[in-house]
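Hi,

Here is the structure you asked about. Please open it first, then read my notes beside it.

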Amino acid sequence: MPPATQMKLFVINLDRQDGRLRRMAEMFDGMGLQFTRVSAVDGRQLSKETIERWCGGASFGEARPGATACFLSHRGCWQRIIDEALPYAAIFEDDLHLGDDAAALFANGDWVPEEADIVKAETMRQPTRMDKTPIAAPGTRKLYRLAGKHIGAGGYVVTRKGAEKLLKMSETFRDPVDHFLFNPELPFASSLVTFQLSPAICMQDFFLKEPAAILGLGSDLHHERSQDRLSRPEKLWREVKRPFAQFYGFLHRKISTLLTGKQWAVVEFR
């Protein structure tokens, strides 16, 4: 059992991914952190009936076994927060890199805002919309109310009341878990009180920019999503539109930051 003051840390790991578990154990042990392994639901073992029971359909395309299993794995962690009467817990996937001061951050959860449902601890290094003024500063980092889309579910903290909401909203689901949690264009994420830790304390291996740090862990989900191939005309049209979309996005973010109480920013990893 972890020390009484340490936040409970769940690491989702497939039974067939021993190497990933060893890497995570070495990383956490080196920081003096203890974690609880959660056996991930394996998409290769899901029946069509199980997928239909939970998904029915999917607004992001045909429901796939990997995405369904991933959602159910996260949902299992939310349920454990309730079952174990935890005030909050951090949930990690097993392809993460952690910042050097993770031990200090997760030593306790005193910094988690009382009103929070979720604190997003990772980054995709894509522009997202947040409050301009931080509401708390854990260690060398700051917390901002998250107002924009910032997908990725590799590392986040869920409070008990957040877990209750998530379980109730996911009795059936139609979206990937990261969109469900962090895409406010969907009704579920927009109803949650979500904060962003900045700089982020963790980042998935697939999205790292530093070649020396990338381990090439990949993801079953990345392979699954890569099956959504565009036709050649669609690819060409996408490339034609790209510079115009980028310019519009840049202009929109600048004007929004100037005229509102929100800012567009890229959350860094440290």
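Ala 85 is partly exposed, with a relative accessible area of 47%. The cut-offs are these: buried is under 20% relative accessible area, exposed is over 50%, and partly exposed is in between (1.4 Å probe, protein chains only). Ala 85 sits in the loop between helix 3 and strand 3 (88-93). Helices (H or I, at least four residues) and strands (E, at least two) are DSSP runs, numbered from the N terminus. The phi of Ala 85 is near 55 degrees, a positive value in a residue other than glycine.

Some ground rules. This is a predicted model, where local features need pLDDT of at least 70 and side-chain atom pairs count only at pLDDT 80 or more, while totals for chains, interfaces and linings use all residues. Residues are numbered from 1 along each chain as its sequence is written, and side-chain values use heavy atoms, with hydrogens and water left out.

Now the whole chain. It has 9 helices and 11 strands. Of its 270 residues, 47% are buried. Take the contacts (heavy atoms within 4.5 Å) with a separation of 6 or more: residues 24 or more positions apart account for 80% of them.

Next, helix 3. It covers residues 65-83, which is 19 residues. From first C-alpha to last it reaches 26 Å, close to the 27 Å expected at 1.5 Å a residue. The expected span is 1.5 Å times one less than the number of residues. Its buried residues include Phe 71, Leu 72, His 74, Arg 75, Trp 78 and Ile 81.

How does helix 3 pack against helix 5 (residues 160-169)? The angle is about 130 degrees, and the axes are 9 Å apart. Axes are lines fitted to C-alpha atoms, for helices over the stretch in contact, and angles run from 0 to 180 degrees between N-to-C directions. That makes helix 3 oblique to helix 5. Under 35 degrees counts as roughly parallel, over 145 as roughly antiparallel, 65 to 115 as roughly perpendicular, and the rest as oblique. On helix 3, the contact is made by Arg 75, Trp 78, Gln 79, Ile 81 and Ile 82. On helix 5, it is made by Arg 160, Ala 163, Glu 164, Leu 166 and Leu 167.

Then look at Asn 13, in strand 1 (residues 8-13). Is Asn 13 buried or exposed? It is buried, with a relative accessible area of 1%. Its side chain has a polar contact of 2.9 Å with the side chain of Asp 94. A polar atom of the Asn 13 side chain also lies 3.1 Å from the backbone oxygen of Gln 17. A polar contact is a pair of N or O atoms within 3.5 Å; within protein, one must be able to donate a hydrogen and the other to accept it, and residues adjacent in sequence count only if both atoms are side-chain atoms. Leaving out residues up to four places away in sequence, Asn 13 touches several others, among them Arg 20, Arg 37 and Val 38.

- Arg 125 lies between strand 5 (118-120) and strand 6 (127-131). Its phi is positive, near 55 degrees. At 10% relative accessibility, Arg 125 counts as buried.
- Leu 186 lies between helix 6 (177-182) and helix 7 (187-190). At 14% relative accessibility, Leu 186 counts as buried.
- Pro 199 lies between strand 9 (194-198) and strand 10 (202-204). A cis peptide bond joins Ser 198 and Pro 199, with omega about -5 degrees.

Best wishes
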